[in-house]
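Try each task before reading its solution.

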Amino acid sequence: MANDESWLDRFVNKLHKKPKPWFKYFGAYILVPIWARLTPVKRLPGGARPAIQPGDNVQSMMNLIMPLKRENRSPIGRAKAALAIAENRDQIFAGLDNVGTVHFARFVIVNDNICMFSFYDGDFTNYIRDFIATIGGAFNDVVKLVEGGDALIPCEENVEAFIQWIHEHDLYQVPDTPTDFLRDQEDLNGDKAVSPVNDDLTLLPRKLVLQLRANANVSLGSGYRAYPGFSVAQVRKKLELGW
Amino acid sequence: MVDASVARRLVDEMIFNLPKHDPGQRPVHTIGVGVDAYFTASDVAHKYCIAEHFSGERICAKVRFSNAPGGPEQHDGRSDVRGMATRFLLPSGAATDLIATTLREFFARDVDDFSKFTKLDKHEPYQRESPWRKILDLLWLKVPRRDPYPGEKTNASAGILSYANQHRFAQLAVFEAKMIGAPVSYVRAAYHAIHTFIVEGENGVRRPVRFSWQPVAGVRNTDPDALPDDDYLRQELDHRLKRWPVRFVLMMTIGEAGDAIDDPTRPWPARRVRVIMGTLTLTGVPKDQATAGERISFNPWRLVRGIEPSGDPILRARRDAYEVSRKMRGGTACPFSNWSCADGE
Ligand code: HEM
């Protein structure tokens, strides 16, 4: 920033702010694995956090990432996944209508993953249980294309295993604040310390990098909501859409 | 209520930390600009709060934007917190203030924390980190310390960091302050009143709420790598308002049972109900800044029927601290005031 910098200052600043490809490579493939070994980070669990307050029990996010089986990682495999959704559209929509607590749900193919992103009210387990009870049959067509899915078929009869599987494939939701992220890591490590503590906040970047190594896919923040705090039932009632 | 000697001590501690202080000026948020404005409540606001300014009538308002640091030096372009204090001049002749900053949370839960923080929040020599140290930081996957701004010989960052390292409740505010940047304009930033207030609705329902101003022009910061300009915010605002008025939307978030009501260090979840309470329109920068920007004095306890303070100890402490500070610097007591410190309310 100031102009009394030596050439070495300028070089290092550039290394940090506009790193050359070699330095990025060095960081990603050498430094990060070394630190991951020296300071291992556990994978943080996915899904919405358990909540007791009413506002926290509405419009929760599910970000389900289901990797396609190896043999389906091709345009043909992706087309099969697209077809599985398209062919079962009626069942899926009827099922979601019957669940009654889902604001939005959509299916997306990203690379070789079939994803389901939704906003739902109430308890996650109940949502999945209701969902699978009503559309389990349709979901079998999707699940059979994805890794680890065979063990769950027929989904409607393996409800508990299915719920567990979904939970494991639901993304970790990085909290809205950096400190809540640190608290998540501390909780996972059983660190319940209160003031005074001896933290080193300058380590946040490394903690984040290593966490994103352990949880390669994450959902960022709790998400924007135009009308937070309202359930599907309240919105439908207020808009006089019937139920 | 904190007693007057505590309020005096708090202000003295703030002044003590300043490398330079003019007794005729504020000990914090010293550099600022007063602006004329008016407020119009949204059509639902009065349902949630019966306070006069939410009735829907056009309400005359005075705003003061500021840079948070104390002392006469002006550094608009440095990354730091900004303030937005608003006075609503009510048709009944009363007035009410809403004081907000670009920080969403505070770093202290009570007066004791605040004093401990202030003890560490001292200016110390600040130098460029050696390139070798920076390389070591990069190897440790840390972000190297920022270089000093031109002319910056001291700052309080080391003390603040050590406080945050010891106190988890302070970490969020300290992180946010560190990453906050400098706005391209006072009106391109969002401002938060931080504390919880209790508002009373038309039907007598009382709700815990937190207020924020959202800029209609959007949030935008300067380029953090560019050389910062020390003096641009007032001219920018003046030029902008000569061309067109500027608006802010007042958002009110409603808390739920279990949310931190009395603790300003803890945010509320993003899923709380938010209500649009109205729009503030800034109309111009008055020429007489001695009155509009310097002598004017705000107080977070200048409230009217329909809005009450929560039990937040920091909010409580601010009541007398602002009054002590106003008197020390010869600020104007609010002529519309329905409240004064001497009332001992
Ligand atoms: C115990 C905690 C605090 C103390 C002791 C304190 C003290 C002060 C004092 C003495 C002033 C100068 C008042 C004057 O001379 O008119 C001031 C100004 C200010 N404070 Fe605080 N403050 C505290 C917390 C906060 C918080 C939590 C906020 C955020 C909402 C805040 C925002 C501001 C702003 C925006 C101004 C400038 C107001 C103006 O433009 O006149 N302060 N503070």
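**Exercise 1.** Find how far apart the centres of domain 1 of chain A and domain 2 of chain A lie, taken over C-alpha atoms, and describe what lies between the two domains.

*Solution.* Keep in mind that this is a predicted model.

- Start with the bounds: the assignment gives domain 1 as 7-46 + 173-220 and domain 2 as 54-170.
- Next, take the C-alpha centres of the two domains, which are 31 Å apart.
- Then look at the contact, where 5 residues of domain 1 of chain A meet 6 residues of domain 2 of chain A.
- The area buried between these domains is about 460 Å², with 39% of it on carbon and sulfur atoms. On the domain 1 side, G46(A), Q173(A) and S219(A) lose the most area, together 72% of what that side buries.
- Finally, check the polar links: there are 0 salt bridges, but 2 residue pairs are in polar contact. The domain 1 side has 4 polar residues, 1 charged residue and no nonpolar ones.

**Exercise 2.** Now describe the interface of chain B and chain A.

*Solution.* 

- Together the chains bury about 4100 Å², 59% of it on carbon and sulfur atoms. In chain B, L141(B), R168(B) and R271(B) lose the most area, together 23% of that side's share.
- Turn to charges: the chains share 8 salt bridges. D56(A) and R272(B) form a salt bridge, with their closest N and O atoms 3.2 Å apart.

Methods:
Residues are numbered from 1 along each chain as its sequence is written. Chains are lettered from A and ligands numbered from 1 in the order in which they are written. This is a predicted model: local features need pLDDT of at least 70, side-chain atom pairs count only at pLDDT 80 or more; totals for chains, interfaces and linings use all residues. Side-chain values use heavy atoms; hydrogens and water are left out. Domain bounds come from an automatic or database domain assignment. Contact means heavy atoms within 4.5 Å. Buried area is the accessible area (1.4 Å probe) that two parts lose on being put together, summed over both. A salt bridge is a side-chain nitrogen of Lys or Arg within 4 Å of a carboxyl oxygen of Asp or Glu. A polar contact is a pair of N or O atoms within 3.5 Å; within protein, one must be able to donate a hydrogen and the other to accept it, and residues adjacent in sequence count only if both atoms are side-chain atoms. Ala, Val, Leu, Ile, Met, Phe, Trp, Tyr, Cys and Pro count as nonpolar, Asp, Glu, Lys and Arg as charged, and the others, Gly among them, as polar.
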